[in-house]
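My entries follow in the order in which I looked things up.

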Amino acid sequence: MSEVRFDGRIAIVTGAGGGLGRAHALLLASRGAKVVVNDLGGSRDGTGAGTNMADQVVQEIKGAGGEAVADYHGVDTAQGGEAIVKTALDAFGKVDIVINNAGILRDRAFHNLAEEDWDKVLAVHLKGAYNVTQPAFRVMRQNSYGRIVFTTSAAGLYGNFGQTNYSAAKMAVVGMMNTLKQEGAKYNIKANTIAPLAASRLTADIMPPPVLEKLKPELVSPMVAYLCSEECAESGSVFTAGGGYFGRAAIVEGQGVFLGNERPSSLEEIRDSLAKIKDMSGAQEFANANAEGMARVFSRLQGAPAASGTGQPS
Ligand code: NAI
């Protein structure tokens, strides 16, 4: 069996000073990647900063014979993102891999959520992904090679009480990936998303210790690392991983129902058709927004049956 290697590849892992990011960084480095270990070194709610966390992981990597440099910039500003990419360029000359992993939590029931806590969580998770990925993407485009992994959450995909800010940010990165997979395709840049479940300081108080023991971050990293590999042909997918389980989550759309376009449907027709409108049997995934529009509307306008999700009206 041939080994999946990262020799000659340069990786940025944000928030790699602990938890999942640390595990991703250690795994990539153990397989030959040179790694920028980025971490602001603050607390779980994004306050404070320090160099310890990133330094420690760099020491671990070097101790195991790997190569890494520490970076202490916050992902939540454009200057921070630029600086993180510059760290990679200065130390290693290019960027091949970005894992957008840095994260914080500021949970609060929606009616009590302060604007500052909304803004900060979006700044780290969503704007942070933009801040780091854009300068890296420009380099990747020039080199016609790149692997990008975003980090979403079940809280974004499905919702979680008290996490409107976090859920919104986490689902937003899926949208970012959906378009980036298209913009990167011509340049061999693949973008995917991981929805992890792991014991870390973010989850330390929401699951009992016996469960947390079975959810080591190291159990998530193989999926993430594979998505960063040269041989990975996947792009635009959301993978779930935790405790040794791996799967895929996807946005699909049902077949729907055509109620005619000579006049607007009545509210009563909507009510009476709701079961059919909601029906998800025969649901399909779409490669892009045009493919979805073609399948859902265009073919019906022509009186043809629903097209498959290829973007080509049948
Ligand atoms: P963690 O708290 O151990 O790791 C997050 C890291 O990001 C920390 O080391 C922190 O210092 C760093 N960080 C925070 N703000 C930063 C900033 N502005 N710039 C640079 N670094 C910053 O937590 P964990 O669980 O390892 O989280 C990693 C990612 O996985 C996060 O995006 C989180 O939302 C996501 N996630 C984790 C889940 C879990 O079960 N642990 C579930 C779903 C998503």
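**Thr240.** I began with Thr240, which lies in strand β7. Strands here are DSSP runs of E with at least two residues, helices are runs of H or I with at least four, and both are numbered from the N terminus. Thr240 counts as buried because its relative accessibility is 16%. My cut-offs are under 20% relative accessible area for buried, over 50% for exposed, and partly exposed in between (1.4 Å probe, protein chains only). Leaving out residues up to four places away in sequence, Thr240 touches Ala195, Tyr245, Phe246, Gly247, Arg248 and Ala249. Contact means heavy atoms within 4.5 Å.

**Ground rules.** The model is predicted, so local features need pLDDT of at least 70 and side-chain atom pairs count only at pLDDT 80 or more, while totals for chains, interfaces and linings use all residues. Residues are numbered from 1 along each chain as its sequence is written, and side-chain values use heavy atoms, with hydrogens and water left out.

**Domains.** I looked up the domain assignment, which is automatic or from a database. It gives domain 1 (10-249) and domain 2 (252-306). The centres of domain 1 and domain 2, taken over C-alpha atoms, are 36 Å apart.

**Helix α6.** Does the length of α6 agree or disagree with its residue count? The 22 residues of α6 (164-185) should span 32 Å at 1.5 Å a residue, and the end C-alpha atoms are 32 Å apart, so the two agree. The expected span is 1.5 Å times one less than the number of residues. Buried residues of α6 include Tyr166, Val173, Met177 and Leu180. The buried residues of α6 pack against α4 (115-143), β5 (146-151), α5 (154-158), β6 (189-196) and β7 (238-242).

**Cores.** Next I checked the nonpolar cores. Such a core is a set of buried Ala, Val, Leu, Ile, Met, Phe, Trp, Tyr and Cys residues joined through side-chain atoms within 4.5 Å. The largest has 38 residues, and Ile12, Val95, Val98, Met140, Ile148, Phe150 and Val238 touch the most other members. β1 (10-13), α3 (78-92), α4, β5, α5, α6 and β6 each supply at least two residues of this core. α4 gives the largest share, eight residues. Apart from this core lies another of 30 residues, among them Ala25, Ile61, Ala198 and Leu227. I also listed contacts of Phe150 beyond four places in sequence, including Val173, Met176, Met177 and Leu180.

**Ligand.** Which residues come nearest to the ligand? Of the 32 around it, Leu20, Asp39, Asn101, Tyr166 and Ser200 do. To count as near, a residue needs a heavy atom within 4 Å. A ligand nitrogen atom is 2.9 Å from a polar backbone atom of Val75. A ligand nitrogen atom is 3.0 Å from an N or O atom in the side chain of Asp76. A ligand oxygen atom is 2.8 Å from a polar backbone atom of Ala198.

**Arg141.** I found Arg141 in helix α4. Arg141 counts as partly exposed because its relative accessibility is 40%. Arg141 touches Tyr187 and Ile189, not counting residues up to four places away in sequence. Arg141 and Leu113 are 28 residues apart in sequence and 39 Å apart in space, C-alpha to C-alpha.

**Positive phi.** Ser144 sits in the loop between α4 and β5. Its phi is near 50 degrees, a positive value in a residue other than glycine. Asn188, in the loop between α6 and β6, has a positive phi of about 55 degrees although it is not a glycine.

Key
Polar contact = N/O pair within 3.5 Å; in protein donor to acceptor, adjacent residues only side chain to side chain.
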